[in-house]
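User: Could you take me through one part of this model closely, namely the place where the two chains meet? I would be glad of the cut-offs behind each term as you go.

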Amino acid sequence: MRHDPERDAARFLGGAMSPDDRAAFSGHLLRCPDCWSEVEQARRGRLLAESVRTAAPPALRDRVRGLVEADRLDVDVDVDEPARHGRWRWLLPVGLPVAAAAAVALVVALGGSGTPEPPSLRQAVADYSAERLPGAQLPEQRAPDLTALRLQPVGAGGGSYAGLDVDGFAYRDPAGRRVVLYLSDNAFPEAPGAEQLSDEDGPWIVRRGDVTVLCARLPHALLVVGEDDRLVRSTAQALGVL
Amino acid sequence: MDDGDFLDAFTEHLDRLHNLARGLTVSPQDAEDLVSETCLLALRGWRRNPPDDAAAWFATICLNAARSSYRRRAARPVEVTGEDWLLDRVDERADTAGSALSSIEAGRVREAVGQLPVPQFEAIALMDLGGYTAAQTAKIVGAPRGTVLARVHRGRKVLARVLADEREGDR
C-alpha cells in the first residue's frame, strides 16, 4: 500500500486497522517522522477538543423532564422558535390539575370572616392547592432566583385571575416544601382579616386553611403562597418585599 | 415503550447531547435550546417508532436541528462567550505537553472548533465533544467511516496547530 501518513494516522487513531496492520504501523511510526508528526498532532488536537466536555447542567435535566411532561399533557409547546421561547418552555405547567383539591381550597378560601374573599386571591389559593398554575402562557419575566433558600423552580405559567394578568412561578425545596409566587402589574386586593406587616400600604399576610398568603404591593404586586409560614416569610424577605 | 422509557433514554444520553449541542451552537443558552428542540422532536418520533440505536438517533436529530438553525442564520457559530467554560470545564486531563489547559484556553479551543470547515467541525463535535464512535458518526452524517476519520483527523490537526501557535504568540 502507498505510504500516506495522513490516511494511515487517521486509520490508526480511529481504530480502523487490523491487528496486524496496527502492529506494523506502530513499528513504522518509530522510524517515520512524517507519520509520527501526524499521529502526535492529531492526538494533541483530540485531547484539546475532549478537554472541554462538561456534564449537562441540572437545570437542563429539569427542562427536559418538564418538556416531556408538558407534551404528554398536550400543552402547546413551540419547537419552531426555540431561541425566543426556549428559556421558558421547560417551565410550562408540570403539575396535574387536581379538581378535588381545588374545590376544597375554594371552600377554605372563603376565609370565615363573612366578607367575600377577592376572587383573585381565592383563585391563587385554589391553584396553589391544586398544584396548578394560572395558565400556560409564557411569563413576562424570568423566575426570580430563590436558590439562596434552596428553592428550585419547577413550573411557571401566565394567565388571568378575575381580570388581573398574573404570572405564577412554582418552586420546591429539597424537603419537598412548595412556594408559589404570583406576580401582576396590578395590585392584588386585600384579603379580609389580613394582618398588616408594616404601614397601611405595606405587605399583609393571611392564613387560609393550611396555606399562608403574603402579599406585597411595592415594588411589585406579588403574592407568596405556601404551606410553611416561615418559608413564605423567608421568600418575601429574599425578594426584598418584607 | 412509553414516555417514561423515552425520558430514561434521553437523560441517559443527555451529557453527550449537551456536549454535542454546545459544540454546534454559539452560546450555552443556544445549546440548551437545541437540546430541548431535539428532545421534543425525538419524543414525537419515539412515540411513532422507537429507534434501535437511541444514541445515534438523538444525535442525528440534534445535528439536523442545528443545521437548520445555522442555515437560517446563514452562518456557522464562531463566537465564543464561554463563561460557563470558565467554571465547568474538565481540566484534569493533561495534554501531551503535560500542562493542564487554562479556562481561557478552553474558550479558545471552542473558538477554534467553530472556525473549522463544516464537515470537520461536525466530525469533531460528534466524536470528540459528543463522544460518538466513528461508526456512529458515519451513520449520523451519512458519510463513509474512512471519510469521517479523515475529517476528524484534519480537524484535530488544525486545532493542535492553531492552539500551539497561540501559545507561542502568548509568550
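**The interface of chain A and chain B**

A salt bridge joins the side chains of A:Glu6 and B:Arg154, at 2.8 Å from N to O; the term asks for a side-chain nitrogen of Lys or Arg within 4 Å of a carboxyl oxygen of Asp or Glu. Between chain A and chain B the count is six salt bridges.

On the side of chain A that touches chain B, the elements giving two or more residues are helix H1 (5-13), helix H3 (33-50), helix H4 (58-72) and helix H5 (82-89). Helices here are DSSP runs of H or I with at least four residues, strands are runs of E with at least two, and both are numbered from the N terminus. H3(A) supplies the largest share of that side, eleven residues. By class, the side has 20 nonpolar, seven polar and 15 charged residues. Ala, Val, Leu, Ile, Met, Phe, Trp, Tyr, Cys and Pro count as nonpolar, Asp, Glu, Lys and Arg as charged, and the others, Gly among them, as polar.

Before going further, a word on the source. This is a predicted model, where local features need pLDDT of at least 70 and side-chain atom pairs count only at pLDDT 80 or more, while totals for chains, interfaces and linings use all residues. Residues are numbered from 1 along each chain as its sequence is written, chains are lettered from A and ligands numbered from 1 in the order in which they are written, and side-chain values use heavy atoms, with hydrogens and water left out.

Now the totals. In chain A, 42 residues are in contact with 49 residues of chain B, contact meaning heavy atoms within 4.5 Å. About 4400 Å² is buried between the two chains, and carbon and sulfur atoms give 60% of that area. Buried area is the accessible area (1.4 Å probe) that two parts lose on being put together, summed over both.

How far does the predictor's confidence go? For the complex, the predictor gives an ipTM of 0.78 and a pTM of 0.55. Chain B has a mean pLDDT of 80, with 76% of its residues at 70 or more; pLDDT is the predictor's confidence in each residue, from 0 to 100. Over residues 74-101 of chain B, pLDDT stays under 50, and the model has 61 contacts beyond four places in sequence for that stretch. Where pLDDT is low, the predicted coordinates should not be read in detail.
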